[in-house]
Amino acid sequence: MIGKQHSEPNAVSMPEALSILEERKKEGELGYEQEITLEHVKKFAKVSKADAEKMSKELLEFGLSKKGAAKIIDVMPISVLQLKQVLIIERRNFEEETIAKIFETIEKYRKR
């Protein structure tokens, strides 16, 4: 195969994307799209990479997919209603008790 080898797509949160792009920038010049993405995640990442990783692990324990956990970390919903809207990405229903626990987890990391 000619060109770069492609790996399987993997959902990452904005703080993780920020870390990846900053590492690549140290190695050399970024492309136009990567520069735009870097500026975007610098502005809108709401938690640190370390907190995002911890939060992701906790969210995965509730049965969320990596994609769903990454989306929650990116949005950091401010209400249970907003969390329910983000959870639509999971294409399944969660019990109210589970949603409340997920929201508690979000609130714990928002206050850091």
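Which residues of helix α4 (residues 66–75) are buried? Select α4 and you will find G68, A69, A70, I72, I73 and D74; buried means under 20% relative accessible area with a 1.4 Å probe, protein chains only. Helices here are DSSP runs (H or I, at least four residues), numbered from the N terminus.

A word on the model before moving on: it is predicted, so local features need pLDDT of at least 70 and side-chain atom pairs count only at pLDDT 80 or more, while totals for chains, interfaces and linings use all residues. Residues are numbered from 1 along each chain as its sequence is written, and side-chain values use heavy atoms, with hydrogens and water left out.

Next, show α1 (14–27), α3 (49–60), α5 (80–86) and α6 (96–110): the buried residues of α4 pack against these helices.

From α3, A52, M55, S56, L59 and L60 make the contact (heavy atoms within 4.5 Å), and from α4, K66, A69, I72 and I73.

Then colour the largest nonpolar core, which has 18 residues: a core is a set of buried Ala, Val, Leu, Ile, Met, Phe, Trp, Tyr and Cys residues joined through side-chain atoms within 4.5 Å. M55, L59, I72 and L83 have the most contacts inside this core, and α6 supplies its largest share, 5 residues.

Finally, centre on L83. Leaving aside neighbours within four places in sequence, L83 is in contact with I72, P77, I99, I102, F103 and I106.

Methods
Buried < 20%, exposed > 50% of the residue type's maximum accessible area, 1.4 Å probe, protein only. Helix = DSSP H or I, 4+ residues; strand = E, 2+ residues; numbered from the N terminus.
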